[in-house]
Amino acid sequence: MQKNNPVLMTLLWILLSLATLFPIYWLFVISVKPAVDLFTTPSIILEKVYWANYAKVLTDTTLRRYMINSLIISSGNALLVTTLAFMACYALSRYNLAGKENIFFWTITNRMAPAAVFLLPFFLLFTQVFAIGDYKLYDTRIGMILLYCTFNLPFAIWTLRPTIDGIPRELDEAATVDGASTWQVIREVVFPLARPGLAVTLILTWVFAWNEFLLAATLTSFNARTITTGLSEYVTTTGTEWGTMASIAIITLIPALIVFTVVQRHIIAGLTFGAVKE
Amino acid sequence: MAEVTIKNIVKRYGELEVIHGVNVDIADGEFVVLVGPSGCGKSTLLRMIAGLEPISGGDLSIGKRIVNTMPPKDRDIAMVFQSYALYPHKTVAENMGFSLKIKGAPKAEIDAKVRQAAGVLDLTKLLDRYPRQLSGGQRQRVAMGRAIVRNPQVFLFDEPLSNLDAKLRVAMRVEIKELHQRLKTTTIYVTHDQIEAMTMADKIVVMKDGYVEQIGAPLDLYDNPANVFVAGFIGSPSMNFLRGRIRSEGGVQRFVSDHGSVLPVKPIEVEDGRPVIYGVRPEHIGLGAEGLAVKVAVVEPTGAETQLFARAGEDTIDALLRDRVGVRAGEAVNFVIDPQKAHVFDQQTTKRLS
């Protein structure tokens, strides 16, 4: 067989794309069918489009609130985590901190236990320990942002460290000799060169917070409820509203797509090429 | 421009001392080269002058100001790194103007100074390019341009040519030298290449294991090396060294090697039989009818000169001849040495006796 046959490669990619996109297509088909059609004539062929599921979801103020909560929590978390991880990685990479490799490993161990183990401690912390007067972290957006930080930050530091380590230290030194302060070195040199790594970290942490279900279901009730937990409200004792759930699922894909499209432009390989002779 | 005074500078990493009280005085506008083998402390010393490494002891002053704890940005220095260290996300113009931008200079001033420096270094056509679009030599010139734009008191170069190929290295050497002659800025240049040191420096500082071995003008080091290390390090091909003793016979002193080779020396006040190291440069050896009888092992003609690798019994001696000689490997010849150009060093201290 000829290597890199363009026809064969194109066919392979089409097949892989179809396999990836098919579940989404199926979800869309379900979302545009009335409930009665779903079980009477199961079909993946789109004969006529029934928009009522979308109309119901989009006019539902509760769902809109859940969607806004999800957006604020995911974006707030991703921004906070990426910023903190960037600064942590800069310190781990550039300063001779005593036992810095141990600090790095200890950070990673925070991700080694399953999230479910932390449910009860977090519930107690959020409802009873972290309370100022009547204010509690339970069912607040800020509470969820901080909660996801504990899970996302170790992961983000682990992801971002090689990027910062990969930026030659001579560039920091050149900028220092050029008169830059530490903040100016970070802003003018390290940050622009770390953009691909920062973009990847931002996307992955955003997606984690956007998709997370278990902790959100336990630590929110209404005010800070997210769209993923909102979905589960359509599974009731009297039945499951598959059409509505599918339309919510399709709608939740849109912000994720937008974030991916905007952020992935920054994922460029070989940004530091030409900086130093290797 | 400014003079730089390095007084008893010490560098320690914890308990380990790597630079042991170095003293160097650098005059205003002087081109000083720090030279030595890898690990001798020359780059560490340069980084201390730049402010990139803390100074563990002693005083460093630039233009009469003690700058030991002063951050690099306040020292008014510019540095060219071995790896160029160009900002890859900035264009040539942005790279060169970075220090002025940090200083908050108006855009028009930055543009004017960048254009002026680019003109000096023949970079005007490349100002909009990124470092990845440049050749090694062009990148090196941008790194120099970045230093010139600041019009600093002192230029620091950290092995700037070691990543270039041999031909480009010679060309850039001339460019740097010309640049210095034009700008007359005090320059401290680090290299492990003694030819670079000899050709560029007003003054050479030879370092080894964190100590200064000798400071002097290039030809002074060549003619009057302080010890065996400097004698062997300066000059290419390297000086021949033979171990032996000074013997006096009928009022005439001679050097007799441990393997029996007898060589002439200029008169020297040492006791008879003193163990010494005899040193003679290959280019100070000629062929003649009388002299040390040797057997040629290898002949290396390069056109302009011919190098002979020869053996006198157990002793090996190289000679570098300006003439094209018809000597072949295996042939017996006589090496003639001018005693005025030979050196004698003490075996214990390795210091030069004559």
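**Notes on the predicted model**

1. The secondary structure of chain B comes to 8 helices and 19 strands. The model is a predicted one, and every value below is computed from it. Along the principal axes, the C-alpha atoms of chain B fill a box of roughly 80 × 45 × 35 Å. Chain B has 354 residues, of which 40% are buried. Among its contacts with a separation of 6 or more, 65% are between residues 24 or more positions apart.

2. Chain B is divided into two parts, domain 1 (4-233) and domain 2 (240-346). Taken over C-alpha atoms, the centres of these two domains of chain B are 39 Å from each other. Their contact takes 5 residues from domain 1 of chain B and 5 residues from domain 2 of chain B. On the domain 1 side of that contact, the classes are 3 nonpolar, 2 polar and no charged residues.

3. The peptide bond that joins S236(B) and P237(B) is cis, with omega about 0 degrees. P237(B) sits in the loop between α8 (228-233) and β11 (240-249) of chain B.

4. K64(B) is not a glycine, yet its phi is positive, at about 70 degrees. This residue lies in the loop between β4 (57-62) and β5 (65-66) of chain B. Is K64(B) buried or exposed? K64(B) counts as exposed because it has 8 C-beta neighbours inside 10 Å, and the cut-off for exposed is 12 or fewer.

5. N151(B) also has a positive phi, about 50 degrees, although it is not a glycine. The loop that holds N151(B) runs between α4 (136-149) and β7 (154-158) of chain B. N151(B) has 16 C-beta neighbours inside 10 Å, so it counts as partly exposed.

6. Next, the contact between the two chains. How many residues of chain B are in contact with chain A? There are 25 residues on the chain B side, and they are in contact with 21 residues of chain A. The elements that give two or more residues to the chain B side are β6 (77-80) and α2 (92-103) of chain B. The largest share of that side, 4 residues, comes from α2(B). By class, the chain B side divides into 17 nonpolar, 5 polar and 3 charged residues.

7. Chain A is also assigned two domains: domain 1 (1-50) and domain 2 (57-264). The separation of their centres, taken over C-alpha atoms, is 32 Å. In the contact, 8 residues of domain 1 of chain A meet 7 residues of domain 2 of chain A. On the domain 1 side, α1 (6-31) and α2 (35-40) of chain A are the elements that give two or more residues. Of these, α1(A) supplies the largest share, 4 residues. The classes on this side of domain 1 of chain A are 6 nonpolar, 1 polar and 1 charged.

8. Helix α3 (residues 52-59) of chain A packs on helix α12 (residues 242-264) of chain A at an angle of about 65 degrees, and their axes are 9 Å apart. Therefore α3(A) is roughly perpendicular to α12(A). The crossing of α3(A) past α12(A) is right-handed. From α3(A), the contact uses N53(A), Y54(A), K56(A) and V57(A); from α12(A), it uses G243(A), T244(A), S247(A), I248(A) and I251(A). These residues divide into 4 nonpolar, 4 polar and 1 charged.

9. On the α7(A) side, the residues of the contact include Y148(A), N152(A), A156(A) and L160(A). Those on the α9(A) side include V190(A), A194(A), P196(A), V200(A), L204(A) and F208(A). The contact of α7(A) with α9(A) has 11 nonpolar, 6 polar and no charged residues.

Technical notes:
Residues numbered from 1 in each chain as written. Chains lettered and ligands numbered in written order. Predicted model: local features only at pLDDT ≥ 70, side-chain atom pairs only at ≥ 80, totals over all residues. Domains from an automatic or database assignment. Nonpolar A, V, L, I, M, F, W, Y, C, P; charged D, E, K, R; others polar. Axes fitted to C-alpha atoms, helices over the stretch in contact; angles between N-to-C directions. Parallel < 35°, antiparallel > 145°, perpendicular 65-115°, else oblique. Left-handed = near helix turned anticlockwise from the far one by under 90°. Buried ≥ 20, exposed ≤ 12 C-beta atoms within 10 Å, placed from the backbone.
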